[in-house]
Amino acid sequence: MNTSNITRRHFFQDCAIGTGKIALASLLADSAYGATQSPNVAAPTHFQPKAKAVIHMFMAGAPSQLELFDNKPMLTKYEGKPLPPSIIGGQRYAFIRPDAAVLGPRYKFAKHGQCGAELSEMLPHLATVVDDIAIVKSCRTTQFNHAPAQIYMNTGFSQPGRPSMGSWITYGLGAETRDLPSFVVMSTGSGISGGAACWSSGFLPSVYSGTRFRNSGDPILNVSTPQGIESGTQRDTIELINAMNQRRLKLDGDGETATRIANYEMAYRLQSSAPELMDLSKEDEATLKMYGCDPKVPSFARACLLARRMVERGVRFINIYNEGWDAHSDVAGNVKKNCGITDQASAALIKDLKQRGLLDSTLVVWGGEFGRTPMVEASVSLGRSLGRDHHPQAFTMWMAGGGIKGGVTVGATDEMGFNIVEDETHVADLQATILHCLGIDHERLTFSKAGLDFKLTGVEPCHVIKQILA
Amino acid sequence: MTSRALILCLGLPATGLAVDFNRDVRPVLAQHCFKCHGMDDQGRKGKLRLDLREAATGKGKSGELAVVPGKPDASEVIKRVFSKDEDEVMPPPHTKTVLPESAKNILKAWIAEGANYEAHWAYVPPKQAPLPIAGMHPIDSFIQARLKQEGLKPSEEADKYTLVRRVYLDLTGLPPTPAEADAFVNDKSPDAYDKLVDSLLASKQYGERWARRWLDLARYADTNGFEKDRPRPIWPYRDWVVRALNEDMPFDQFSIKQLAGDMLPKATPDDLIATGFHRNTMLNEEGGIDPNEYRFYAMVDRVSVTGTAWMGLTMNCCQCHTHKYDPILHTDFYRTMALLNNADEPTYFIPTAEVEAQQKAQKEKMTKLEAELPGKFPGGKTAMESRFAGWVEGESRRASKWEVIKPTKMETTMPHLDQQADGFILGSGDISKSDVYDLSFKAPIKGVRALRIEVTSHSSLPNNGPGLTNYEGPIGGFFMSELQALQNGQRVKIARAEDTNEDEDDKINDSPATTAKAKAKAAAKAKKKNNAQATLDGEMSSGWQVLGGYGVQHAAVFHFEQPVDLTSGLDLKMLFEKHFACPLGHFRISVTTGEHAEAMGYPAEVEEALAAGDKSKHELLLHTFLENAEEMKQAAAPLLAARKNPARGQATLVMQERPASNPRSTHRYHRGEYLQPKEEVTPAVPAFLPSLPKGEAANRLTFAKWLFAPANPLTARVTVNRQWQAFFGRGIVKSLEDFGYQSDPPSHPELLDWLAVELVKQGWSMKKLHRLIVTSATYKQGSRITPELAQKDAENVLLARGPRFRLEAEIIRDSALKAAGVLSLKMGGPGVYPPQPASVTSEGTYGKVEWKVSEGEDHFRRSLYTFTKRTAPFAMATTFDAPTGESCLAKREVSNSPLQALTLLNDQMFMEAAQAMAKQVMAESKTDDERLQNIIRRAVTRPAAAEEMAMFKAFLQKQRERKVSDEALWADVSRAALNLDEAITHP
């Protein structure tokens, strides 16, 4: 169909060592994507992958690394004094002036695990799995506003219109399941600034868009049979449609009709596989307790548990958004509240995946779109105090599972937590690393569009974070 | 790519054609070589460029001759591409691109044949070649000549049901009703089809169908995009597009108005509305953004979209660097930007006769209300006169004599300030998050005790001002953080300040909508801190603010600690700083030597009359009294309310060229980065294209006209190609958005050029072009894909059959509504809200937006009118590949997914359609057979075959066994019919 598919097929065929479930291809002569290329089948990778699936816990709003991971006692010492302009450089801020005074960390830190990584007292649960995670304290982005920064983290570009990481990955790797979407997005919280652009397929075919799993109504839009129609009728209807379409296929010979027939079958399967996925009644008490999850109430914890169930069922890429970290005022309260929501479940997800033998093949990523300033945010007109503004120069993320070495900390910031002084890790480096764990060379996953060869990681050189690879 | 492959395998060796530079060689060079050996001086390797024959046949850095015409073996290029040596082979291994054998052989053959270069086909103006087969419809002549060459035959004409369905869908975006189809099928006159085409082209639905395609390019949406994604009024632009297409406005006029309607002589309201095209860029209103950064992105988008929509140029590549393949320089991008970059972006209230009548009525009403006021005074005339006299006496004592002073110098960080005759200063132009006004005064006044800043609304300002805030904050408001007075560089102490807007609500609050209580609390807290006094406290986050709106009139008075002598000059520095840009837009400075100055809250002329005891101003004072007196509160309320809400036309977003006094400069941005502006550039079109006409101003209007100049090789081709794609699912040039070196060569170059020239000859008439296409035998062919065609030409490049493809999202929904007999044909107006699950907009979007489903007719409007929210688009539309309006789209994807099946099967909207259809069918038809035929014909136009009837009857039988009610039963059948592949496929 498209030049792009040639590119992709070319690279994957020429370079693959092949681990995908090719057999599925024969089930589905998907003419829209070429006879051997369907979004519904797994494709070979560039090299041996460690991870098959990704769970990206997106801490939207941007958590304060200074209250969670990056302990800076110097900030306490200099609290109330501004940073010298030489440190700040030309950085632009959203709300504060560059000469705002610094604010000391609001929480105590302690060393944990065999690795001795430092975590704040707000992360007691993460502390119990700290030897399984790799912490990157030297993340950096180019964007200092939420929507562009979230879109940038997801798509490698600050404006809407490019494919998101989940889209690239499902485009590159295809699917492991035909009963559920391969790229799922869950969100619990006040709302995602970047909106649908965060899981858009951009210029990739729309089948690679993230599918929203929703908290109210159908988990997948329209996955329930309309009220008043019994399941037998639904089945009969699909059979009638498909029989009619079979007849049409014979008459007109259009491969799209064959694909449509297969999609009605898959839609029917989704109608049972989605509720089955959402049904947590078979999860034991200990598991629910570990996550801190009320199975009936949508929550971050429930989304984490669902993510594990999705991974078990072959879903490729899962985004869980927790919005609410935007601590312009009362950073202490904000961190406390959001850790209350996320800490236990994030750690439980690691433990649960591990105990089920899934952690080795599942890459878990945790972090926000940027960091928060060492300087305080306060504003009389906005009624703000003891907050922190957006800080693109340095923030912390952690990764665990497939392809990642546990108990490692990479990167460091200066004494004031303002700039990175060791192992600067750009957003593109994070993306390259995620692709790497999945067996994809970020430079070879490309799509030609409007005269350019697009990549998730963009045009600037970037690198895989080797120090955290298993 | 496939077409190139097709040409490679069909063309070269088999038919023994010579190598064609444009068709065969340039794509290879462009894709594999130009990146390092093209026109980009920065990226060039080995001092070799292969895009020019002179350079390619000369010596490279290695000293070898790259291309020796006629001698491939002596040519370094051939040696290198065939080399097995990792250090020698081209392209080098690190580029991770591999030159296919076929491409190597093309280069070899090309050099052997003399290494001729030709100009790129798209950059040479098109010419009409003679028809290859005389006496035939021109389109068929070209298509069939080619088919003959390839040994293929055209398919037979489609049956009449298919034809009527196809042409209805293509021209109006709606299927015919069974009756409409029958009218055509039963019309045995020879011109039945032509008559049908003419009637469809004349129908109002034509404009709606074709507007949707144009709006994809225009990246039209009803919200601003990004985090806040607030609604914006721009649907008048959408309706203008529909009207223009229905009127068959020539495409050149259609385009010129959209790009530069405001600059046309005697521009009409419609000409202004048309400029909404480039106002469809997104607007980031997130707290704390840099507005000029996002304005820059909008400009980048405008240049790219102009390149895509009219020129088929991938200008977007040149934001960051010179094009790697095409002859477009980095500077060309910014010079083109300069052509488009000199406009302000106001909200325009569309004047209509209706609005004028309303305004007139309102004026009369206010005059009447004013005249009635004295009569409403409690206690009658005597009471009023006595109270009035007392008021005048009291207020006269409070009033001071103020003298307006005009600056001798005005400097600002960014906005443009103009001194007006009435002493007011009017701001315009761009604004930033931290703006400083530096005003110098000198006046023969000594002993100045106080200084007053009056701020009033002005129609040129956003939301009428008095501030310049045009996004995020309270629109039209301002926020003065600090004010300083200086004499000879020394601070002049200001003892205190007061203002007249004590009871303004503070709405500057960036916290997302949480609880009303929390919001009110935050607002109350801020209000206490935000007043004129706060401009003196050295704290940037507090200040004096006034919210925008019509008829706003406020003032602040600043009291000097010591009398100031203005003969030795005075400087005023005002700082406007917040997390959004907030400078003042319309204000006047006056001073008084009086000792008891205060911010009185009356218009300046009232205070002046009071202070002067001016008897001639009796009327003015009386009315001021009546409108402000405590006992008149109730009586004056209607008048005050009427003043605040003037009748004005529907708002829409437009472009307005800046006045010559304040041109905007444009720079080149290194690597396309906003923070790296370099040298200023002058406006010009890309250098490789014909230049703008000499003697004309290099501006937007000249540029828009230049697109349609006879020498411009691109516009007509790009336009024709896009129309062709709409009918055939594939362009003659496959890449609708790219006519550059990397594009696929046209499948039928002579046809493309013939049509391009014809379009111009026919006065750029779209309807004529559409008629030409749909009356061709090529268009009317049956679309069956025979095994032979599937094998020889799977993509239907050669058009040996009619087009088949899944319908667009809007057409699918509109078809279902029309089939169900519930579609509303009401045209125009604000976006509507058809049913969709609440979670689409309530979850995951910032601020939880409620999708309030439209009732009545608006429930069933054409999809063109569905409200489009960028960050949470209408779910059904997205599922079927409709764009979100976040970027320009020349061609939609056509995907085929299980989510589409779920939508058609289970979505409430389609369920409602099925139920409505069942109701109508049950009323119209009696027997099972009649009802089934009725349903199938509504869904797919043609009657059902016996075999199909049997399938549906078996379904009926089964459901009857399930004891499904009759109504539900027929809804089930309707639902199945609406789900058929045929119901959503261009037949």
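Let's start with one strand: β4 of chain A (residues 133–140) is mostly covered, as eight of its eight residues are buried. Here, buried means that 20 or more other C-beta atoms, placed from the backbone, lie within 10 Å of the residue's own. Strands (E, at least two residues) and helices (H or I, at least four) are DSSP runs, numbered from the N terminus.

This is a predicted model, in which local features need pLDDT of at least 70, side-chain atom pairs count only at pLDDT 80 or more, and totals for chains, interfaces and linings use all residues. Residues are numbered from 1 along each chain as its sequence is written, while chains are lettered from A and ligands numbered from 1 in the order in which they are written.

| Partner strand | Residues | Sense | Bridges | Example bridge |
|---|---|---|---|---|
| β11(A) | 395–401 | antiparallel | five | I133(A) with A400(A) |
| β12(A) | 408–410 | parallel | three | V136(A) with V410(A) |
| β15(A) | 425–426 | parallel | two | R140(A) with H426(A) |

Now for the whole chain: chain A has 13 helices and 17 strands. Its radius of gyration, taken over C-alpha atoms, is 23 Å, close to the 23 Å from the globule rule (2.2 Å times the number of residues to the power 0.38) for 470 residues, so chain A is as compact as a globular protein of that length. Buried residues make up 62% of the 470 in chain A. Of the contacts in chain A with a separation of 6 or more, 76% join residues 24 or more positions apart, a contact being two residues whose C-beta atoms, placed from the backbone, lie within 7 Å.

Terms used. A residue is buried if 20 or more other C-beta atoms lie within 10 Å of its own, exposed if 12 or fewer, and partly exposed in between; C-beta atoms are placed from the backbone. Two strands pair if DSSP finds at least two bridges between them.
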